[in-house]
Amino acid sequence: MNAFQWTEATSLEQALAQLDGKAVLKAGGVDLLDLMKEHLIEPTRLVNIRNLKGLDRIADDEKAGLRVGPMVTLARLDADETVRRRYVALADAAGHAATPQIRNMATVGGNLLQRPRCWYFRNEQFHCKKKGGQTCYAQTGENQYHAVFDNDPCAIVHPSATATALVAYGAKLELTSGKGKREVGAEDFFILPKVDVHRENTLAADEVLTEIRVPAPPANARAVYLKQGEKESHDWPIAEVAVVMQRDGEQCRSASIVLGAASPVPHRAKEAEAIVRGKKIDEKVARQAAEAAMDGADPLTHNEYKLPLFVTLIRRALLTAASPEGGR
Ligand SMILES: Cc1cc2nc3c(=O)[nH]c(=O)nc-3n(C[C@H](O)[C@H](O)[C@H](O)COP(=O)(O)OP(=O)(O)OC[C@H]3O[C@@H](n4cnc5c(N)ncnc54)[C@H](O)[C@@H]3O)c2cc1C
């Protein structure tokens with residue numbers, strides 16, 4: 001790891017003033033320090049925003065919805081009573097990520113902005129497309145954990161569980177720079193490699209993520225988050241799904257169905273959403289929707305196994321969200 005200068009930012013203004021294109025923000029540091037140790041980034045200055053006051057709040061309003069500061073840790077998000085009661089898919093996404101130790105350090109902002117875990121990207125020996133090279137080594141290499149949708153020109157999967165849940169909830173992100181604030185839908189924030197292969201989102205170098213806003217779910221809404229790991233351990237998912245369903249009695253009025261570990265961005269299963277809209281969700285409809293969610297999938301040489309896995313998770317999530325006692 002290169003030598004670097006360390007700066008403490010105790011206010012947002014101080015943090016913004018440091019963002020000169022060379023400094024890098026450090027929240028929990030879980031991903032950032034990995035990237036530095038792997039020589040993927042070599043910043044000359046780290047700005048510690050971990051102790052920055054005011055960006056670590058959770059506030060919920062019955063009508064306006066939830067506001068989460070980016071410095072809130074995954075452990076707090078998981079344990080927060082209101083988040084668990086009203087935004088259970090977000091609480092579960094945070095609570096199933098990584099290990100208790102990591103969740104205590106990791107912030108939700110850092111979780112959304114972490115870099116992908118593709119082993120070719122993470123290994124400094126592979127000068128892949130994401131790092132400015134000419135080759136995506138996953139296309140013909142060890143691609144069992146890679147994307148089954150939108151996997152050209154780069155086959156990473158988006159690493160953030162909270163992103164999967166937040167896109168399903170229709171969340172918005174507030175980004176602040178010295179010039180002011182902008183609000184962007186979580187779904188639009190994350191970008192595909194065909195838009196820009198070098199980055200995963202539209203955060204500008206002079207911006208700080210300052211708030212996550214989740215619309216208040218209607219009283220009849222139900223949400224579910226399911227994660228499938230390769231083993232019951234502290235690992236990223238091989239497939240995950242978040243469903244937020246609005247119900248009308250026994251019918252599904254509408255649902256957003258978002259897949260994680262499927263694509264370089266949280267992947268909206270729009271064909272499945274169209275099938276469940278206005279229907280009573282039974283086993284047949286849930287299966288039909290889950291199978292339709294795989295339309296357009298283009299698995300690589302070693303990851304076709306993900307397709308039936310996603311079908312099972314989506315079917316389960318839909319049936320749970322539709323059941324009288326399921327979701328919240
Ligand atoms: C063994 C292991 C298992 C894991 N499993 C999972 C999993 O199952 N699911 C999952 O989702 N994640 C998983 N993770 C990833 C982990 O959750 C993230 O690394 C962590 O959330 C990053 O948060 P952080 O606060 O440490 O971010 P940092 O490492 O401090 O920052 C990450 C990036 O975000 C930027 N950043 C942070 N905050 C801001 C902000 N407010 N504004 C602008 N830029 C900002 C930093 O500059 C940096 O580029 C796992 C990690 C490990 C090590």
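A quick word on the model: it is predicted, local features need pLDDT of at least 70, side-chain atom pairs count only at pLDDT 80 or more, and totals for chains, interfaces and linings use all residues. Residues are numbered from 1 along each chain as its sequence is written, and side-chain values use heavy atoms, with hydrogens and water left out.

View 1. Trp-6 comes out as partly exposed, at a relative accessible area of 43%. (Buried means under 20% relative accessible area, exposed over 50%, and partly exposed in between, with a 1.4 Å probe and protein chains only.) Trp-6 sits in strand 1, residues 5–8. (Helices are DSSP runs of H or I with at least four residues, strands are runs of E with at least two, and both are numbered from the N terminus.) Together with Met-1, Phe-4 and Leu-33, Trp-6 makes up a nonpolar patch on the surface, with about 370 Å² of accessible area for the group. (Patches take residues with over 30% relative accessible area and no salt bridge, joining like charges within 9 Å and nonpolar side chains, meaning Val, Leu, Ile, Met, Phe, Trp and Tyr, within 5 Å; accessible areas come from the Shrake-Rupley method with a 1.4 Å probe, and for residues only the protein chains shown count as cover.)

**View 2. Arg-45 and its neighbours.** Arg-45 belongs to strand 3, residues 45–48, and is buried at a relative accessible area of 15%. Its side chain makes a polar contact of 2.5 Å with the side chain of Asp-20. (A polar contact is a pair of N or O atoms within 3.5 Å; within protein, one must be able to donate a hydrogen and the other to accept it, and residues adjacent in sequence count only if both atoms are side-chain atoms.) Leaving aside residues up to four places away in sequence, Arg-45 touches several residues, including Phe-4, Gln-5, Thr-7 and Asp-20. (Contact means heavy atoms within 4.5 Å.)

View 3. The whole structure has 6 aromatic pairs. Tyr-120 and Phe-126 form one that is edge-to-face, at 4.9 Å centre to centre and 80° between the planes. (Rings of Phe, Tyr and Trp, the last by its six-membered ring, pair if their centres lie within 6.5 Å; planes under 30 degrees apart count as stacked, over 60 as edge-to-face and the rest as tilted.) Tyr-120 is buried at 11% relative accessible area, while Phe-126 is partly exposed at 26%. Phe-126 also pairs with Tyr-137: their ring centres are 5.0 Å apart and their planes at 70°, so this pair is edge-to-face too. Both Phe-126 and Tyr-137 lie in the loop between helix 8 (119–122) and helix 9 (161–169), 11 residues apart. Tyr-137 is partly exposed, at 29% relative accessibility. Ring pairs tie Tyr-120, Phe-126 and Tyr-137 into a cluster.

View 4. Just past helix 9 comes Gly-170, with a positive phi of about 70°.

**View 5. Arg-86 in helix 4.** Arg-86 lies in helix 4, residues 81–86, and is buried, with 10% relative accessible area. Not counting residues up to four places away in sequence, Arg-86 touches Asp-60, Asp-61, Glu-62, Gly-65, Tyr-169, Ala-216 and Pro-217. A 3.2 Å polar contact joins the side chains of Arg-86 and Tyr-87.

**View 6. Salt bridges.** There are 26 salt bridges in the whole structure. (A salt bridge is a side-chain nitrogen of Lys or Arg within 4 Å of a carboxyl oxygen of Asp or Glu.) Arg-117 bridges to Asp-34, with the closest N and O atoms 3.5 Å apart. That pair links distant parts of the chain, 83 residues apart: Arg-117 is in the loop between helix 7 (108–113) and helix 8, and Asp-34 is in helix 2, residues 30–37. Glu-187 forms a salt bridge with Arg-268, at 2.8 Å between the closest N and O atoms. Glu-187 is in helix 10 (residues 186–189) and Arg-268 in strand 12 (residues 267–268), 81 residues apart. Salt bridges with shared partners also join Arg-67, Glu-174, Lys-181, Glu-183, Glu-211 and Arg-213 into one network.
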